[in-house]
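Please examine the sequence and the three-dimensional model shown below. The paragraphs that follow consider a pair of helices, then the domains, and then a sheet.

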Amino acid sequence: MMTTEEPYNHWRYTLEGDGIGWLTLDKAGSSTNSLSQSVLEELDLLLGVIAATPPKALILRSGKVSGFIAGADVTEFTTISDEATALALITRGQSILSKLAALPLPTIALIHGFCLGGGLELALACQYRVASDDAATRLGLPEVQLGIHPGFGGTVRLTALVGDLTAMELMLSGRTLAAKAALKIGLVDYALPRRHLENAARAMISAPPPHRRLPWRQRMLALLPKALLAGRMRKSVAAKADRHHYPAPYALIDLWQNFGSRDKANYAAEAASVAKLIIGSTARNLLRVFLLQEELKATGRGAGVPIRRVHVIGGGTMGGDIAIWCALQGLEVTIQDIDTARLGQVVKRGAALFSRQLKDGRAIQAALDRLLPDPSGDGVAKADLVIEAIFEDADAKRSLYRQIEPRLRPDAILATNTSSIPLQELASALTRPERLIGLHFFNPVDKMQLVEVVSSPQSDAAILQRGAAFVLAIKRLPLAVSSSPGFLVNRILMPYLLEAVTLVEEGRDPAQVDRAATAFGMPMGPIRLADTVGLDICLSVATILSRHYPVEVPEKLRALVAAGQLGKKSGRGFYDDRHGDHRQGGSEVDTAIADRLILRLLNEAVACWREGVVNSGDRLDAGVIFGTGFAPFRGGPLQHIKASGAAVLLARLQGLEQAHGHRFTPDPGWQELVRAEVSRA
Amino acid sequence: MENKGTYAGGRAVYIVDGNRTPFLKAQAKAGPFAAADLAVGAGKALLARQPFAPEQLDEVIIGCIIPSPDEVNIARIIALRLGCGKKVPAWTVQRNCGSGMQALDSAARNIASGQADLILAGGSEAMSHAPVLLPPATVELLGEWLKARSLGARLQILSRLRPAHFQLVFALLKGLSDPVVNLSMGQTAEILAQRFNISREQMDAYALASHRRSAAAQDAGFFSEISPLYGRDGHVYSSDDGVRRDSDLARLAQLKPVFDRSFGRVTAGNSAQVTDGAALLLLASEVAVQRYNLPVRGRIVDCAWAGLDPAQMGLGPVHAMTPILLRQGLSSSSIDFWEINEAFATQVLACQQAWQDRDYCHNELGLGQPWGAIPADKLNVDGGAVAIGHPVGSSGARIVLHLLHVLERNQAERGMASLCIGGGQGGAMLIERGRGGEHDDN
């Protein structure tokens, strides 16, 4: 057996006695593999060595437990400043993978864990792919989620391998596949238990399997005119993403439509398209959001004893859904409510979510076993973490804390899911107030990634850190916020929602108001959002906030709640869901409406930034994006102010103040933003 | 205190807690919970309120007669699903209707002998999930079909299919029959009715009393040993649903005999119901009681198993209880409360008759004097399986658990739980409240 010596940091090449070469990527200084420039350059050197003395066959694999290759090293994208540099880097990567593809010997990628983006493009440059069939293995080209599309030949090789339509659907959605699904479309040659990957590779070398032909349906569809298919793709993309906000999927469709018969030209076109996208503002902002997401995750890493048992008190929507989510993520959960019928509903919702998410019957059963309805509250005494999610009443919460505190384990954390009551008001009921933190989840828990980790002045730092680690462990994003009323997300969201209600009160059509917001890039209009959250909840949060901030609650909101029109849950709010009210505001967008909505949101964001509700502007942006869905391609409210010009926006805000009064009075923080802008210029 | 009888010379065996599911009457289809689901439902709630972690159990022993085909060694499945971890061993016991009590006895033996300190034991049965099987001739054809390669061979196999091949075998009915004497359990009850001259009216009156007692006990909150079960559809099952409040003698009299259809007396109304349910107890040694500061609610004093004519299996309780009373030196009056599982109303009545019958006591039990009947107000005071149901593998554990609750409620000292066992056996268990003896006036 022969093994390569240094100078290779990331790769290891071993030639075994049977003539098979094993090429293993074990990226230095990292727990996951990614395709950085240095990884690619080393690969290039090694491919030269291999081509000079070709082995009988070459097997590529990962030396990491975590998976194959998670994608390109996106941090390197941030250093790219112009299109020419981008093009050069992409072309270089393409040429190295083409070298691999051109090797005159069988090449096989052995895949376990993440095989995404550039990682899959590398695997696509091999002749065969064998994937582990466990739950951790995911394959896909999710580049569109970062505002670009595959650039290392993925668009060319994937379409050739699995058929144009299947490939385009995968790349346009950015969704990832389990090994079995990848096998079904022909992306991998085998989906096997991990223990068989190497055996399969050896067997494939001694008896190479024939290359699969595309299924007849794919071949028939490919005969249709490309323009027709591209038109249909554009239409379906347009339903989800605006061309101006998210150019990448449209660029991908254009690229595909213009593919010629010569691969070389197609690779060049792919590279040119990505180079253009990668320096655009959408890609930059999405990349920034991705990195901020990683930063938030990092705040939850490496802290203390992990939480294993969670006890949730309050079996309503939030309490129940938090309990269900924790059980789904593998924790032992007890959910307490006096009303067993509510607990029954929690089990029902849990069974539905587990079935959707887990599919496998045994896994669903195990998750249900972890979710124990606990009408008498036995779980309090054993829990590492008790989450209180009862109704928003400070007295009721304090009285509950007094009851349960003597039963808590000495090291247990007590967390409240209050959305607006300052923690100081609640901690007074405890003999050990330092163990109270806020864990503010958003509805729906299974969709909303953010959890505000709220500290009061009395909260213990180590306990807060353990709370953040818990949030990360259940695959949510922890955002540390201080305990001012409404914390970050609700406080920023509420002026925007209330302004929308005021606009309706003034006679605007709700659909027109919503259209202005979605045109800005919000995932859902504010009126639709209020209906979804529940107008009673909006009113309650607004009322609490109005005690602390100059927030006026529009009469219309009170009137609707008084009339029992609570939104979706009562069948009717601003919209009439009983009759399938899907009004669209037409294509005309009233920018005056958008200004009033967005500037109130931005103004509140500036106030939160100035007050230090979150400890950095970047994290504030991340929090608002993941907590409210604020247009991700704009990079968050502060980033948006920067991009639009603080002075310009301030002037518009002052104009609105004159027209509509003090609810538009600019926060003092704007002055600092304008000063910073001037000094940058 | 020195143990006598089964656990002689061993350590004391304490009952520290127990819990059961509501017993759910089998409908025409498989119920919402499989046997393992039932035991996990009861066990999760039971373990959640303990000061120790499930991993700290020494073993799990479960009685179950008809687990589903995917529940082989169901005790191990239950233990793992309860979060006991891979290191806690678990085993399943089967002594027909005595299985739940057998689990308690096996646990008690291991604690008495010092092999274990803390055991979760009991029974679980989902009778509504009993499998339906193909007859052997059909299985044979199926085997040939799987081997057949050509269309012709397959057609040839199809041509041999006869209506008899579609005669399904109901495991539940087979399970409730004695293959040696070729009698259904109901027919053995008919034999007892004949032998002791028990009328249809007596049986129906007993059955009605069972329902009335259970309904009264439900109203009084005497079934605090139950934790609710939650279905995947959100339905909450919180009490035994076989208890009928609308029953009366006239209605019971209208029911047709089901076992000896022409001239029999045993009906569905005066027999135990076919039911799904699980009952679990936590048994501990003094060592475990001290280590985890567990409450000592009761003590398992003795247990006995007896064999008798399979055709008269319903008399099993008198055969099992008698030796315990003799070797413990107890008179009938020193037992405060009794539970005899109501497999059939007539079978409980026959036990009462047998203990009053000079010849039976002399010839079958070797007693010089008849033992005498158990006072009706001391026996099955909260009703029994006729009203609550008899999930065969669990009943033995249920009657011991409920007996302990009855003793606690009445501040009584000593109770006897017993049941008849298909195949011609009886099982009995003597328990005392608290550590035993400490409240005794004698």
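Is the crossing of α24(A) and α27(A) left-handed or right-handed? In this predicted model, the two helices make a left-handed crossing. Helix α24 spans residues 591-611 of chain A and helix α27 spans residues 646-660 of chain A; their axes come within 10 Å and cross at roughly 110°. Because angles of 65 to 115 degrees count as roughly perpendicular, α24(A) is roughly perpendicular to α27(A).

The residues that meet at this crossing can be named individually. From α24(A), A:Asp595, A:Arg596, A:Leu599, A:Leu602 and A:Asn603 take part, and they meet A:Leu649, A:Arg652, A:Leu653 and A:Leu656 of α27(A). Sorted by class, the contact comprises five nonpolar, one polar and three charged residues.

The domain assignment divides chain A into domain 1 (2-279), domain 2 (309-484) and domain 3 (490-612 + 645-680). Taken over C-alpha atoms, the centres of domain 1 and domain 2 of chain A are separated by 41 Å.

Attention now turns to the sheet. Four strands of chain A form an open sheet in the order β5-β7-β9-β10, and the pairing is mixed. Strands β5 (67-69) and β10 (176-177) of chain A stand at the edges; each has a single partner strand, so one side of each lacks a neighbour in the sheet. Strand β7 (residues 114-116) of chain A runs parallel to strand β9 (residues 138-140) of chain A, and three bridges join them. Opposite A:Cys115 stands A:Leu139 in β9(A).

Technical notes. Residues are numbered from 1 along each chain as its sequence is written. Chains are lettered from A and ligands numbered from 1 in the order in which they are written. This is a predicted model: local features need pLDDT of at least 70, side-chain atom pairs count only at pLDDT 80 or more; totals for chains, interfaces and linings use all residues. Axes are lines fitted to C-alpha atoms, for helices over the stretch in contact, and angles run from 0 to 180 degrees between N-to-C directions. Angles under 35 degrees count as roughly parallel, over 145 as roughly antiparallel, 65 to 115 as roughly perpendicular and the rest as oblique. A crossing is left-handed if the near helix is turned anticlockwise from the far one by less than a right angle, and right-handed if clockwise. Two residues are in contact if their C-beta atoms, placed from the backbone, lie within 7 Å. Ala, Val, Leu, Ile, Met, Phe, Trp, Tyr, Cys and Pro count as nonpolar, Asp, Glu, Lys and Arg as charged, and the others, Gly among them, as polar. Domain bounds come from an automatic or database domain assignment. Two strands pair if DSSP finds at least two bridges between them.
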